[in-house]
Each structure stands twice: as structure tokens, then as C-alpha cells.
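Below is a briefing on one structure, grouped by topic.

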Amino acid sequence: MPTASALLQYVISGATVGSTYGLAALGFTVIYNTAGIINFAQGEFVMLGGMLAVFALRWGGVPLPLAVPLAVLAVTVVGIMVNRVTIRPVRGRSPLTLIIITIGVSILLRGGAMLIFGKDTFALPAFSGGGPIQVGGAALLPQSLWVFGITLLTVLGMKFFFEHTLTGKAMLACSSDRKAASLMGIHVDFMVTLSFAFSAFVGAVGGVILAPITLTAYDAGILLGLKGFAACILGGLGNPFGAVIGGILLGILESLGAGFISSGYKDAVAFIIMLGLLFWRPSGLFGGSQAERV
Amino acid sequence: MSERPHEDMYFHGSGISLRFGGVAALSEVGFQVRRNSLQAIIGPNGAGKTSLFNVITGFYRMDEGDVRLDGDLISGLPPHLVARHGIVRTFQNLEIFTNMTVIENVLTGGHLRVGYGPLDFFFRTPRFFREERKLRELAKECLDFVGLFERRDLPAGQLPFGSQRLLEIARALAAEPKALLLDEPAAGLNMKETAALGELIRRIIDRGITVVMVEHDMNLVMRISDRIMVLNSGRVIADGTPAEVRENPTVIAAYLGEEE
Amino acid sequence: MKSQVLRNNAWLLAFAAVAALPLVLPNDYYLTVLIVGGLYTILSIGLNLLMGYAGQASLGHAAFYGLSAYTTGILAVTYQWPVWAGILAGLALSSLVSYLIAVPTLKLRGNYLAMGTLGFGVIVFIVLNEATSVTGGPSGFTGIPKLSIGGKEFSSDLEYYYVVWAAVLLLFALSRNLVRSRMGRALRAIHTSETAASALGVDTQRYKIFVFVLSAFYAAVAGVLYAHYVTFVSPGTFGFPTSILLVTMVVLGGMASLWGAVLGALFLTLLPEWLRAIEHFDILVYGAILVLCMMFLPGGLAEGAQKAWDASLSLFRKKGAAAEEGGGQ
């Protein structure tokens, strides 16, 4: 029988990792809802966030408080470039074309990271010092607090943007009907660019806050991207904030699975949940019943 | 064994309701189309015309209602089974298979008209060749019927817009439907093309096909329809001959209110 | 009539080429390369049916390849099954598993199959690594017997070459018959518009499931042939990079073109042989090929070759016509 403190420990560490899944998932939904594309390079944005921060710190000698925002900013620029160079020129082509292109981009980003940074794993120092805090018999790393805080801030920021600014509302309009949105004078191209910028931004944030805890490497993006997508399925692809909750939930389930079943199969948990959900409840836990469209 | 319905009830629906969330897109809609006639459906934008097509052809699931064609119950079936029962449609925003040639589009339209299975095509049995030959003849005839025969080997995407509309009709005809549903067939056509389309639709009826058409072009509708049904806000507000509908005060009010 | 003759000759030509090739190879090493190339050709033909024709992406095809390879290997070694029985079991298992993946992911429109198969590929890779007592874990599974049918063992590379390429020709012919039938048309229809396809009576879900299982079956054929050729399997052969390599073969060769699938598979099998330099960043090359092909050459090598052929043909005709004119004067 697991003790309550062990259980709590798994939940805390699962929720920490899950926050990054949630941010990756948020990135997926932002692009999907604006441009109708599943961006397979989403995981690479997360990976790049962590890696660039590490290298700004190590090679550039940039202090940590500056390296982190710098890395996030750089990845945001990468996101914008990806859209401009590879997605915009083929707009209107089949979904399969777009899938393949984003896969190609993800491989290029991963390969590029491998060439530049090598194949080693790296860790970012924690954002603040201090030993673990004891909570009900479980250890809570100060970095976990950073993770929760920054995730919450990011999500609230995005929520405010979508619900209270004109640009945010215009992006949502693109999601319901791109043609109509463009007729209403919304600059769809700009909205898609913006969606890539946001998605790269939140992905990179997820990457840097997690890097001090789980280590990072050039190929970390595959699994992070996949789990982000699984989180979307859990929370509903059409529901950005459901996706974040989905990510946290997924992190916790994965952590419990690793703790109580087998750590070797930890990474399989997410996909088994994903396939199960696709089977039983494709609109996600928080989505309404999916309306078939023509 | 389904009983032969009365000619007036050849293709009919009753009590059709469709809701999106709390909004009623269709309420208690009913229709009766006589065999071998042309029924037009008109109404202001957002009246529910295309929704009605989507419900009949199985793309939307109706909340309530009942649709029958030639005695067969259609409502509740998924799209491919609706097609199997003899209802085929075209689309307002053209859904041409642009990765195929013109004739391949029409051959695909005849999907249900060939009876061979995987063993026949994997191993090229005589039955395969026989059926394919039959289908090819049918496809050529359909292309000839709409006047696209000469351009049969062109990539479908290279056809001009007006011809793509005709291709969609040829493709639907290759399915040899009992009822053909045309969703705004004249949209985007010039006057000359529209006139030719009107003639084509009458010739389709002469082939023994029952046609239901959603259309905005009032000239065309008034000229060629046998009966017209008017939808407004998801309800039937009138149903009659072109002359009756033209005089109907409710219809006039609905259209004046829109002022297109 | 003329094209019919040409077509029959093309088949004859293909047969002759396959039969004669080993005779002209400089050394046996190339035989190995061609056997591997044949396996990739089978994989890429199957994936092209799914991706190129029906427009559904599978990013975990290496898993079906690996599943059948491990199944036949384990059954032959651990459970002492006869080779043919292990092969049948491998084919059956991969097909069955693909069906179980297909039902939930293909029920929905959109990109779920891509993610579902990607996830599935990861799961299989993890299981192959973790279930050490069954699969041998990361260091692999050894001692798989050579292929033998009815007491005849195919132990030399030359014999195996003919076995593999006979399978390639057979599966190519079956695929060709499929794509030129109502099913081939229905699959291409699904690729552009599922809506229109279903309105014409195509049971889109059933067809998508069928072609997915079929393409997994092709992968499984390649898998069992691999296992009984190399006699050793390890997880690394069947991971995500292999799945991406297969997608790249299809895209580079040309979507919805069977000859393209052959071209793409052979080209990418030979490329590393010619270009040792790319060994360490081959994956980067694949990424670049994927992006550049989709943007600038969506028809792939097949379309490029076709265009070059047409151009040279018309050039030839012009020359011929000019010569005739000259002769007439």
C-alpha cells in the first residue's frame, strides 16, 4: 500500500512536468485553432527553449535571469520564421502536405540542435536556491514553485489576450471561420504568424522552466511534443485551457504510473491514454460532443 | 419489401428538426417531392437550406424527423448509405477531386455502379474488366451529357469554374441516383452558363431523375422549377408552384426584410 | 494499343532487370544493399498506398515492420515454431494490431492517425527495449534461423535477393491493380475530399481502415524477410528515425506513384552508400528533403523523371520531324 506522502510526492512531481506538457498543448491548440494545422515541430520549440537558455548561460556567459527570457524570445523568432519560410508559401494545400512540412521542420530543428549543441544532455541551474520544502511528508522543489507560478501567469496572460483584446478576439474569429474572418477585414496571414509566435513562446517557456528539473537534450522534443498532443486530446483540441489542465493531469498520471507500475514504461502511459481517449471520447474530457461538420 | 408510395410522396420528409447548441437551425421542416419533378428550395441567407441538404444526406444528424425516398427510410443513415439509397448531391463550394482527371472524377461517381470485390481487382478477373468497361461507358455518356467529353483527360483542377460545376453534376449522374440534390448550382456562373444550366437540369429530369435544388438565382428558379419551397429561419413559410410562391405575401415580406 | 505493348514490355523489362542485376554487380556487398533496398521498396510501396493515395499519414510504420520481425524471430527461437508458422503469425499480428490502431484514430477526420501512429511507434520501441526477457532488450535478439520453405533453405545472398525481389514484384503488381480499380479511385477521392467521397457512396472509414491495415501488412512482409535474412533484430532498427525515413522515401519518390515509391526507396538506400559524409546527419538530410519536396516538388522524383522523359521525348520527336523534313527536300 503506498503511503500518502509517496502519493503526494508523485502528484507534485507529475504536476511539475505536466505543466510543461500543458504549455506545449496550449501551443498546439493556438496554431490549430488559428491556422488549422497540427504543428509537429511543437516539441522542438520546447526543446529549443531549454537548450538555448543553457547555451546562453554556458557559452554566452549571460546571467540566468537574462538567459531565460532571451532564450524564449529567440524561440519565438524561430516560430515566426518557421511560418514565414515553410508554412505561408504552401497555404491552402492539403493537410497532409502541412503535416509533412512540419515534420520536416521538426527534424531540421532537432538536427540543427544536434549539430550545434552536440548529443549530450544538459541541465539548467534552478531559478532560485534553497533546499526542498517539506509538504505533508513530500519534498517540493523551489523550482516546482517557479514552474507553477510561471505556467499560471502564462495561461492567465493568454486568457486575457484572447478574451479582452481586439487582436485576440480576431484570432478566435479565424478559428471559427477563416474565410469569413478574412471577409470581415481580419488579416489572416498576420493572425497565423501571431499564432506561431505565441505557440513557440509558450512552448519555449515550458522548456526553460522544466530544464532545471528534467535535463534536456537535442532529441527531447519528440516525446515532449507527443505528450503535449496527448494532453490536447485529453483536454480537447478546441479548448486551449482544457489542454493545459490535460497536460497537468497527464503529468500526474504518468508519474503515478512510473511510481506504482514501472518506470521503464513511463513514456508509454501518455500514448495509451491518448489512444484510449481517441477511442472513447475524441472531443476530450472538457469538450462538448463533437459536431460533425461538412 | 417497401410499399410503393404515392407519386406525390416519392421523396418526402416530415418533422425535421436540427439544433446547434441552443439554436434551432431547422424546426419541423417537411417536404414532398413528386417523382420526376424539380423542387426548388429558396430562402434568405441562413434560412437553413444547406442545413436541410446536410441533414437529408446524413452529414448532420437530425434531432427529430423522418425522410423517405421511394419508400425507403433515409433519415439517420450516414452519407455513404444515403448515397446507396439513391440520393446524391453536389456542393455549394465545389468538392472536385483535383488530384484526378475529369473522367476519373466521373468514374469515382460511379463507385456504387460497379460490382466487384478485392479479389476481382487484385487478380484482375474477367468480371473486373467487364465491370470497368461498363463503368467507362457510363462515365463517357455522363460527360457527353454535360458537354465535357472532349476534355475528359484534363486534370480536373484545370477546368474553369463553370465547367467544374458541370463536372460535379456529371459525377453525380454517374451514380445513377433516384434523387439529385443540387446545392446552388448556378452560384458563380455567368448569365449564359446559367441559362445552359437551366436547360441541363430539365434534361436531367427527362432522364427520370428527381431533382431538388437550393438556388439564389430567382430568374432560374422561377423559370424551371415545378414547385418551390420557401424556408425562413429554419421554418417552411411557403410551398407551391412558382406562380403561387411569387404572390405569397409572407414570402414577399421575408425577402423584402432581407433586401439583398 | 501502342501503350499496351509498352506496358507489357515494361513488365518484362522489370523482370529482366531484377534477374540480370546480380550478374553485373561488381561485388557481393552490393547484393546486400539491393536486398535491403528491396525491403525498403516493399515498405515504401505500402506506405505510399496509405499516404500518397489515401492521404493518411503514418509516422509509426517502422513499428509494424519491427513487430512482425520480432514475432517471427521469437517464435522460431524461443518457442521452436517452424519458420513458416512464425512468419504467418508475424504477418497476422502486425495486421491485427494495425486494425486496433486504425479503428479509433480513423474514426475521426483530420490528423489523428499521424499522432496515433507516432505514439504507437514510441510504445512499441519502449516495449522492445523494456521487455528484456522476451525481446532481449536494447542489445537485441539473436539466432533467428534463415528463411526456409519446404526444406529449402535460402542461405546465400543471391538466393535471398531473388526471394526479396520476387516479393517486391508481386506486391508491386497487386498494388498497381489496386490503384487502377474502384478502390484506388475511392482512396484518391478520400485524399482530396472525404465529404464528396462519402456523398458518392464511398464508405470512407472502411476504406481508410482497409488501406492502413494493408500498408501495415506490407511492412510486416518486409519485417519477416528482414528477420530471416539478418538473423538478428534490435530495437534501433525499428524506431522513430526509420519511420521518418519511410515517409521521406514516399515523399521524395512521389506521392501517389508506385514507381515513385520504388525510386524513393532505392535512392535513399543508395544515398548513404555514395555519400559517406552524410552518415552522421542523415536525419537532417531527410528533414530537408521533406520540406523542400513538399514545397517545390510535390510530385517527387517520379514527377521529375516523367517531366524529363516527356521533354526528351518531345525533343527527340522534333529532331525526327526536322530530319524528315530535311530528307523530303
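Helices (H or I, at least four residues) and strands (E, at least two) are DSSP runs, numbered from the N terminus. By that rule chain C has 14 helices and 4 strands. This is a predicted model, in which local features need pLDDT of at least 70 and side-chain atom pairs count only at pLDDT 80 or more, while totals for chains, interfaces and linings use all residues. Residues are numbered from 1 along each chain as its sequence is written, and chains are lettered from A in the order in which they are written.

**Chain C overall**
- The C-alpha trace of chain C spans about 85 × 55 × 40 Å along its principal axes.
- Of the 329 residues in chain C, 52% are buried (20 or more other C-beta atoms within 10 Å of the residue's own, with C-beta atoms placed from the backbone).

**Nonpolar core**
- A nonpolar core is a set of buried Ala, Val, Leu, Ile, Met, Phe, Trp, Tyr and Cys residues joined through C-beta atoms within 7 Å.
- The largest one has 281 residues, and A:A53, A:A204, A:A230 and B:A170 touch the most other members.
- Helix α10 (residues 204–230) of chain C provides the largest share of this core, 18 residues.

**Side of chain C that touches chain B**
- Contact means that the C-beta atoms of two residues, placed from the backbone, lie within 7 Å; 23 residues of chain C are in contact with 24 residues of chain B.
- On this side of chain C, α8(C) gives the most, with 8 residues.

Key
Buried ≥ 20, exposed ≤ 12 C-beta atoms within 10 Å, placed from the backbone.
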